Amino acid sequence: MIIKTESQTLADVYADVRKMTKFYFSKIKDTDLSKRFEINDQKFNSAHWLMAHLVWTEDGLLIKSLTGESSGIPWVNSVKLGSDPDNAILPPIDEIIAALDATHKKALDNIRALTVENLEEKTHTGLVFGGADSKRNIIHHAIRHEPMHIGHLGWIAKMNGIKII
């Protein structure tokens, strides 16, 4: 029997979340990824923007917050929380997917390297989620955050007439 550390379990769960993101994206990758659907005067973010936003999220939550370093991706802040999706300068989707894969590998490595004591430490960014500034809470938030955007990819699929299940 293999006994996993808490960090290994968190990394495994987060890896499964990313598999779901990639699955939903694979269903819509041949659509107009820059299209922003509008319902009741509310514009949805495009799939192109969402995938880039996930790079920004991973860079901030699971690279900067855990290690104090950055991925160094030059366009990443154009898709940060509160940015204007209509004016974001986005690279081609292939570049975004490559960045998504690279940040994800780095994020998983960062999570897996943490001890139980490290999980209790404050983050390098001072972000508070779940009532405390801790590396554990920032990882939990990342695990909760990405599935919201998986749901958005699901909506985009439906609005493109693509049945997922």
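Guide: **The aromatic pairs**

Trp155 has a relative accessible area of 43% and is therefore partly exposed; here buried means under 20%, exposed over 50% and partly exposed in between, with a 1.4 Å probe and protein chains only. The model is predicted, so that local features need pLDDT of at least 70 and side-chain atom pairs pLDDT 80 or more, while totals for chains, interfaces and linings use all residues. Residues are numbered from 1 along each chain as its sequence is written, and side-chain values use heavy atoms, without hydrogens or water.

Across the whole structure, a search finds 2 aromatic pairs. Rings of Phe, Tyr and Trp (its six-membered ring) pair if their centres lie within 6.5 Å; planes under 30 degrees apart count as stacked, over 60 as edge-to-face and the rest as tilted. Phe23 and Tyr24 form an edge-to-face pair, 5.5 Å centre to centre with 85 degrees between the planes. Phe23 counts as partly exposed because its relative accessibility is 34%, whereas Tyr24, at 15%, is buried.

Phe44 and Trp155 also form an edge-to-face pair, with 5.5 Å between centres and 85 degrees between planes. This pair links distant parts of the chain, 111 residues apart: Phe44 lies in the loop between β2 (42-43) and α2, and Trp155 in helix α5. Helices (H or I, at least four residues) and strands (E, at least two) are DSSP runs, numbered from the N terminus.

Helix α5 covers residues 135-159, and its end C-alpha atoms are 37 Å apart, which agrees with the 36 Å that its 25 residues should span at 1.5 Å a residue; the expected span is 1.5 Å times one less than the number of residues. After α5 comes Gly161, whose phi is positive, near 75 degrees.
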